[in-house]
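Open the model in your viewer and keep the sequence panel beside it.

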Amino acid sequence: MTASDVRGFDPGDGRISTPSTTRALARSADASLRPAAALPPLAPDRGGAEPDWSEVVEHFREGLVVCDAAGVVRHVSPVAERLLPEVVPGELLTAAGVPALGDGSPVTFTHRGRQLTARQVPLSGARCCWYVEDVTESASRADALLAERARSAFLAVVGDKLGNPLHPDRAAAAVVRLAVPSLAEVAVLVLAPRAGRARWWRASRCDDETPLVDSGVLPGVDLPAAIADGLTGVEPHAVDWLVEQAVDAGWLPGLSGAESAARVVPLPGRDAPVGVLLVARRNTRWYDEDDVQLIRAFAARAGAALTTALLYRDQAEVADTLQASLLPVEPVEAAGVEWGTAYRPAQAGLRIGGDFYGSHRLADGGSVFFLGDVSGKGVEAAVFTGQLRQCLQALHRLESHPGRLLRLLNDALLETTQAHGQGRFATMVLGVARPHRDGGLTLTMAGGGHLPPLVLRASGEVESVSLRGMLIGVVPDPRVGEVTVRLAPGETCLLYSDGVTEARGGRRGDEQFGPERLVTAVTGCQRMPAPALAERVEQVTCDWLGHGDHDDIAVLALRAVGPSGRAPRHLHSVPEPVGAEQQRETDA
Amino acid sequence: MSAPTAAADPTDAYRGYLDCLTDADEYAAIDVALALLDAGVPAERVLLDLVAPAQAEVGERWARNEWSVAQEHAATHISERVVAAVAAHANTRPTGGRVVVACMDGEWHALPPRLVAEVLRLRGWQVTFLGASVPAAHLVSYLHRHDAHAVALACALPMRLPHAHRMIEACRRSDVPVVVGGRGFGTDGRWAAKLGAAWAPSAPAAAELVADERALRRVAPAQLSHLADDEYASLIRRRGELIDSALADLRERVPAARDYTVAQLDATVSDLGHIVDFLAAALYVDDPSLFAEFVEWLVGILSSRGVPAAAADLTLEHYAGVLRDFPRAAYALALGRAETSAAGSRAAR
């Protein structure tokens, strides 16, 4: 190390003197006590003049105190002199009254308001040297850095945790929970009053890491003045009476007014503050300027999270109402029919899609039932299913013959799609079920280009019902297939959308499920109740898909159960398990 | 069939109830349950001491190949109707917050969580039961829409654990505490601990946990640092390739496999896939005993269907060969093969 290096380390506070002023001082203090032999041997300086080592050493950032074998101070460098004025050459070091310089182990101690480190190095002849350094600045810099790191880490956690809860109540609870214990021992969030009532959440510190959270509602007029001010966007500065107000209102359990510090910050919203955050803790940790900055940064994030959540709530309320009107309605109860349904839209978060099913009761005791699929996916497709179902709801009162009803629907849809220029169309099966006295059903079905229904016979046979026809909503007067099927008691008819047969899965995830696998899956299921059968089709399809993407899936099963609603049990012929391999399904 | 007699105790009614399930007689089964309620048996006991053990027996009968999948589905459906009838009969007024109960994505065993849902409802919670195989996106949008005090998630098969973890994390991000249950987390819940989720061994335990929000939030973080070795991710990437090669191997060594019907082939491919999925789950939670337990179970299922343990061992041997560079997978496969050889020697005796 050279003198210029030392100067490079100068913290710039002027406390380390420049060479020109120290040279004389140093020499006068210890000229006799600087035997060259006492210093560690140094490599000879090549070429240049022999430097004056004592002079070089004087400029070390560390001050030097050299004691002889008896513990008498023999040399004090100017830096050491300034740091430890009590240490005087010629006297015992122990007499100087600096206890940290005792047994020789390295220490950090506070002396005359400065933070010092000292280490002892033995020299030859049983002498020793103390190296003393002033670390006040670097220690405070390190402390500041650690504090800043803690603040950044806290804000990062806050950003992480507050970004996700989109429910306003969850977001509010998360805000107060996050504020404890980093910002407060008690944190209270008051949301801007709606209809004169203000909701609040409070987190209080407990013995362990998890704070206790409670919440409630207050009339807006009962809010303490500081909170009411905060809600107008003003950050109250008179902090003293703030604590009193909060304690008087009973808001700060476990804290008393005399020994607490509190702060109130508004949480920025869309125009006015979305709420106000009150933080309080024992005044052993006062809120300094850095703390207040941190609370404001926290409040900004909390305000953004709450605003987003409130915005989401408003939007989701609208979306939910619309979605509810577009969800398939469960078939209405009808004499002699047991319904089973399954519905799984392609976009799970949306809950609606382009598949639809439903039923309406007819005046003569029968029921109209239908299942279909409109072109396209997502919201637009769902809106079209809504139009289609409304058309059917009106038209089935005028016409109960399935073929003619389907043609009427076709004309109505054609008009709608042409008017809107949508070019949408649907495939569907539409039928009428009429119960018989013996518990059976007659199904008259009309087909509009949809997949053929399956019938599960009591014998265990699975029939595919041949039902052709053209797409609905494309051309006027389409060709419509018609068929009549008789179900004996306990027999079931199954309608499904192409989301089932066109599900892609298997070994590579690209093989279609196909109609054959569907037939295999429902073979042996003739004694199943209709809801269980519909769920089985849904399950087998989803198992086939793995976790892959899929189209909308809809299933409608009708089982003839007789007027009592009880399927006769004697028809349940249970086939023996066909073969080991076929039964090896892991769905116990 | 036996006519339902009015028993005053769920254990006395059990036989008759099981007969109702055997006969797929929904109405008789409901009568048995309602008769117990009328005799003053608390609804929670009817659910946990009658419906739950009967459903466990249904699963056992399927495993022993006494019942077809269709019979099992029908019986499960009836149990669900019984649960609905018991709940309607009890008609508890909700006093607590909302609790959402759901099956993990891909999980179809809806009855156990349904029982948990009803026990929570009986204890005054406002319960929403989302049903079987709930997609994570659906659950999350539900949580964003409706403030939930807690979410209870069920998983019956350990092979769904990686998906379960994703779902638990999704709920966490919505700041809703999660309690998990079901055999899928291990009989002692040890895999729930690995995933950093609070676990309840039973419906009453779940109800107690849900009532203690701070306990729900006080869970140790997930311990999944072992995923850094990339074995799990590589295995999932190679899933299709592994199944293909295992199938080719099977066809080469078992001539009968060359003449499988489409249905047999699908079942075989599905089994080969399950082995990979269980192995992947074992890697995910870093517990080879998960895989060994699965092999033990699989050997039981196969032997009840007349398939020798050696058949399963062929595939394990093949996977062990292909995956020899995956130390954790290789160890799990070795434990699995110990199960097949133990079963083989049991059968030989």
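Select Ala29(B) and show what surrounds it. Leaving aside residues up to four places away in sequence, Ala29(B) touches Tyr17(B), Cys20(B), Leu21(B), Ile78(B) and Val82(B). Contact here means that the C-beta atoms of two residues, placed from the backbone, lie within 7 Å. Ala29(B) sits in helix H2 of chain B. Helices are DSSP runs of H or I with at least four residues, strands are runs of E with at least two, and both are numbered from the N terminus.

Is Ala29(B) buried or exposed? Ala29(B) counts as buried because it has 27 C-beta neighbours inside 10 Å. The scale is this: buried means 20 or more other C-beta atoms within 10 Å of the residue's own, exposed means 12 or fewer, and partly exposed lies in between, with C-beta atoms placed from the backbone.

A word on what is on screen. This is a predicted model, in which local features need pLDDT of at least 70 and side-chain atom pairs count only at pLDDT 80 or more, while totals for chains, interfaces and linings use all residues. Residues are numbered from 1 along each chain as its sequence is written, and chains are lettered from A and ligands numbered from 1 in the order in which they are written.

Axes are lines fitted to C-alpha atoms, for helices over the stretch in contact, and angles run from 0 to 180 degrees between N-to-C directions. The classes are: under 35 degrees roughly parallel, over 145 roughly antiparallel, 65 to 115 roughly perpendicular, and the rest oblique.

Show side chains at the crossing. Ala33(B), Leu36(B) and Leu37(B) of H2(B) meet Ala43(B), Val46(B) and Leu50(B) of H3(B). By class, this contact has 6 nonpolar, no polar and no charged residues. Ala, Val, Leu, Ile, Met, Phe, Trp, Tyr, Cys and Pro count as nonpolar, Asp, Glu, Lys and Arg as charged, and the others, Gly among them, as polar.

**H13 and H16 of chain B**

Select H13(B) and H16(B). Their axes come within 10 Å and cross at roughly 120°. H13(B) and H16(B) are therefore oblique to each other. On the H13(B) side, pick Leu279(B), Ala282(B) and Leu283(B); on the H16(B) side, pick Arg328(B), Ala329(B) and Ala332(B). The contact of H13(B) with H16(B) holds 5 nonpolar, no polar and 1 charged residues.

**H14 of chain B**

Next, take residues 288–304 of chain B. This is helix H14, with 17 residues and a span of 25 Å from first C-alpha to last, close to the 24 Å expected at 1.5 Å a residue. The expected span is 1.5 Å times one less than the number of residues. Buried residues of H14(B) include Leu290(B), Phe291(B), Phe294(B), Leu298(B) and Leu302(B). The buried residues of H14(B) pack against H3, H8, H13, H15 and H16 of chain B. Just past the helix, stop at Gly306(B), which takes a positive phi of about 80°.

**Val254 of chain B**

Move to the loop between H12 and H13 of chain B, where Val254(B) is found. Val254(B) counts as partly exposed because it has 13 C-beta neighbours inside 10 Å. Val254(B) and Leu314(B) are 60 residues apart in sequence, and 9.5 Å apart from C-alpha to C-alpha.

**Across to chain A**

Now hide chain B. Chain A has 15 helices and 22 strands. Of its 588 residues, 40% count as buried.

Finish on H6(A), residues 168–179, and H9(A), residues 289–326. Their axes come within 8 Å and cross at roughly 165°. H6(A) is therefore roughly antiparallel to H9(A).
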